[in-house]
Amino acid sequence: MSDRIAGLLLAALAAWAFVTAGSFEAGFSDPVGPAAFPRLVAVPLGILSLFLILRPDPDPRWAVGRPLLRQALAVAVLGGYALLLETLGFPVATLLGATFLARLLGARWLPALATGAALSLVLFVLFDQVLDLPLPLWPQTVG
């Protein structure tokens, strides 16, 4: 039953993301538009959520103890990343988010930091320079 509930929640999330992405506006003339990437993610999410609804695991095992705590911390890191993206700028927020996620997956501090730095740089260049999707480079001021 828990797989079906998760599938329904993910299907609702996919539908919401797909519909909400249609209202995104860009201040520049981009032939693809800012809705393309969220919709590109929402469609497979919706399709895969149907798998959970139609073919649930007959005996799902829930995480308990330390694994459950690590999963909750990973969700908190991703939520914090989303909240801090504009405040800190893309490179710093991505560096911190990727570093802490790597640590949660068991990496030592130095490799986690190196991974975070590399991922931050590669993603910034890919989205901002190659795909021409502007990202906040520096912390944004409110006011």
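S49 is buried, with a relative accessible area of 1%. Keep in mind that this is a predicted model. Where does S49 sit? Its place is in helix α2, residues 36-54. What does S49 touch? Leaving aside residues up to four places away in sequence, S49 touches G7, L10 and A11.

Now step back to the whole chain. How many helices and how many strands does the protein have? Five helices and zero strands. Read along the sequence, the pattern is α-α-α-α-α. The protein has 143 residues, and 20% of them count as buried. S49 falls under the 20% cut-off for buried, because its relative accessible area is 1%.

A word on surface. The accessible surface of the protein comes to about 10,300 Å². Carbon and sulfur atoms hold 73% of that surface.

And a word on contacts.

Next, what does the record say? UniProt, in an unreviewed entry, places the feature "transmembrane region" at residues 37-54, 75-102 and 108-127. Let me take two of those spans and look at them in the model. Residues 37-54 are 100% helix and 0% strand. The end C-alpha atoms of residues 37-54 lie 27 Å apart. Residues 108-127 are 95% helix, again with 0% strand. There the end C-alpha atoms lie 28 Å apart.

On to a helix pair. Helix α3 covers residues 66-88, and helix α4 covers residues 90-104. Their axes come within 8 Å. They cross at roughly 170°. How do α3 and α4 run, roughly parallel or roughly antiparallel? An angle over 145 degrees counts as roughly antiparallel, so α3 and α4 are roughly antiparallel to each other.

Which residues make that contact? From α3, we have R70, L73, A74, V77, L78, Y81, L84, L85 and L88. From α4, we have F90, V92, A93, T94, L96, G97, F100, L101, R103 and L104. By class, the contact of α3 with α4 has 15 nonpolar residues, two polar and two charged.

Stay with V92 for a moment. V92 is in helix α4, and it is among the α4 residues in the contact with α3. Buried, partly exposed or exposed? V92 counts as partly exposed, at 38% relative accessibility. V92 and P139 are 47 residues apart in sequence. In space, C-alpha to C-alpha, V92 and P139 are 8.8 Å apart.

T94 is another α4 residue in the contact with α3. T94 and L121 are 27 residues apart along the chain. Their C-alpha atoms are separated by 8.9 Å. L121 is found in helix α5, residues 109-130. How accessible is L121? It counts as exposed, at 57% relative accessibility. The cut-off for exposed is over 50%.

Last stop, a loop. A63 lies in the loop between α2 and α3. A63 counts as partly exposed, at 24% relative accessibility. Which residues does A63 touch? With residues up to four places away in sequence not counted, A63 touches L68 and Q71.

S49 is buried. V92 is partly exposed. A63 is partly exposed. L121 is exposed.

Definitions and conventions
Residues are numbered from 1 along each chain as its sequence is written. This is a predicted model: local features need pLDDT of at least 70, side-chain atom pairs count only at pLDDT 80 or more; totals for chains, interfaces and linings use all residues. Side-chain values use heavy atoms; hydrogens and water are left out. Axes are lines fitted to C-alpha atoms, for helices over the stretch in contact, and angles run from 0 to 180 degrees between N-to-C directions. Helices (H or I, at least four residues) and strands (E, at least two) are DSSP runs, numbered from the N terminus. Angles under 35 degrees count as roughly parallel, over 145 as roughly antiparallel, 65 to 115 as roughly perpendicular and the rest as oblique. Contact means heavy atoms within 4.5 Å. Ala, Val, Leu, Ile, Met, Phe, Trp, Tyr, Cys and Pro count as nonpolar, Asp, Glu, Lys and Arg as charged, and the others, Gly among them, as polar. UniProt positions are given in the numbering used here, feature names are shortened, and annotations may be inferred rather than shown by experiment. Buried means under 20% relative accessible area, exposed over 50%, partly exposed in between (1.4 Å probe, protein chains only). Accessible areas come from the Shrake-Rupley method with a 1.4 Å probe; for residues, only the protein chains shown count as cover.
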